[in-house]
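Work through these exercises with the model open beside you. Try each task before you read its solution.

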Amino acid sequence: MMIADKDEKRQRITESWDRFTSSVCDLAAAEWDHSKSQLCQVFRIPKYIGDFSARKVGLAFIPPIFYLTIFNAFSFWQWVFDVKKTPWLHLPALEQRLIGFNPHEVISRYTCPLLDVIAAIPYLVHFLLVLLYPPYCFLKRRSLGSLEPAVRSLWCGGIVCSLSVLTQLFFPTAPPWFNESAVYDSNGELLYSAFNEAGFQRIDTLIRFPLFHEMYSKSPITYGSFPSLHVAFPTVILMNGSWISWKFGLFHVCLISWAALYSHHHYFIDVLAGFLLTFFTYQIYHRVWNPFRVKDIPSPYHNPNFKI
């Protein structure tokens, strides 16, 4: 009898606790909804941006923020995870085994100032593309039919960049310019290597200004040959919807792939990996999981008088 009374008492306490926690959760949710609406009014955050909720648009920024967090504090994360700082040097041997030769050596066999300038153009434009393409998709959202191209470029581009920088963190690989210039002592310690502007050093000499040297000397990543982000991001634009035409987008991918090999910044296997990483990221986005699928939801975007 006493055991039955204890069980009944324990059950009443459990039920009371469940009701209490449920009430607290409901109160917290109601308070958050109220506070959120007040914050939106104070900071003038719209409930909808285009045909997406502001929450969904915010979700698209998570991968780019994650990438920037790893990239800008690369040395810190190396220390946190205690990863090796010496690069893997066997990409050229792997490339030789797979295709029988090293394409960058063939492509760069003949150099001249005109080819140097042509190769430098997509590398210089590359830094602007990362900053300008998502805003371009946002500004053209009406002609593109949706805000999805903008959030898709942020989401997929951020995932591609994040996977690349994580690969470079845990599996650092030496680019061609390093493998071809590195000098070691008898104990295997590095004595000397060239500067990481590689073939673009000729451009700096031509214009008598250390443009590329200044750019690349400030990069937190030295051994980030595989995969090639220089190829990956133009491929993001090609697959997301090139701002001129798909032919121009394909030409841009081919041009920067050639420039990466010509300048000895990347091996062909790096270029291929950058393209395939982007391709499969977009396939997963379209075929497996798309968090930004446009649904039939009430949105002020469908009001012709609504403007953002």
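**Exercise 1. A loop residue**

Does Arg208 count as buried or exposed?

*Solution.* Start with the source. This is a predicted model, in which local features need pLDDT of at least 70, side-chain atom pairs count only at pLDDT 80 or more, and totals for chains, interfaces and linings use all residues. Residues are numbered from 1 along each chain as its sequence is written, and side-chain values use heavy atoms, with hydrogens and water left out.

Next, the cut-offs. Buried means under 20% relative accessible area, exposed means over 50%, and partly exposed lies in between (1.4 Å probe, protein chains only). Arg208 has 78% relative accessibility, so Arg208 counts as exposed.

Now place the residue. Arg208 sits in the loop between H11 and H12. Helices (H or I, at least four residues) and strands (E, at least two) are DSSP runs, numbered from the N terminus. The backbone is worth a look too. Phi of Arg208 is near 55°, a positive value in a residue other than glycine.

**Exercise 2. Another positive phi**

Find the loop that holds Asp82, then give its phi and accessibility class.

*Solution.* Asp82 is in the loop between H4 and H5. Its phi is near 50°, positive although the residue is not glycine. At 69% relative accessibility, Asp82 counts as exposed.

**Exercise 3. The overall count**

How many helices and strands are there in the protein?

*Solution.* The protein has 15 helices and four strands. Of its 308 residues, 39% count as buried. Now consider contacts, meaning heavy atoms within 4.5 Å. Take those with a separation of 6 or more: residues 24 or more positions apart account for 77% of them.

**Exercise 4. Salt bridges**

How many salt bridges does the count come to?

*Solution.* Begin with the idea. Side chains of opposite charge can pair when their charged atoms come close. The rule asks for a side-chain nitrogen of Lys or Arg within 4 Å of a carboxyl oxygen of Asp or Glu. By this rule the count is two.

- Asp116 and Arg202 form a salt bridge through their side chains (3.0 Å, N to O). Asp116 lies in helix H7 (residues 113-139) and Arg202 in helix H11 (residues 201-207), so the pair ties together parts 86 residues apart in sequence. Asp116 is buried, at 6% relative accessible area, whereas Arg202 is partly exposed, at 33%.
- Glu148 and Arg152 form a salt bridge through their side chains (3.4 Å, N to O). These residues are four apart in helix H9, so about one helical turn separates them. Both Glu148 and Arg152 are buried.

**Exercise 5. Helix pairs**

At what angle do the axes of H13 and helix H14 (residues 246-262) cross?

*Solution.* Axes are lines fitted to C-alpha atoms, for helices over the stretch in contact, and angles run from 0 to 180 degrees between N-to-C directions. Angles under 35 degrees count as roughly parallel, over 145 as roughly antiparallel, 65 to 115 as roughly perpendicular and the rest as oblique.

The H13 and H14 axes cross at roughly 175° and come within 9 Å. H13 is therefore roughly antiparallel to H14.

Compare another pair. Helix H5 (residues 91-99) and helix H15 (residues 268-287) pack at about 80°, with axes 9 Å apart. H5 and H15 are therefore roughly perpendicular. Here Leu91, Leu94, Glu95, Leu98 and Ile99 of H5 meet Phe268, Ile269 and Asp270 of H15.
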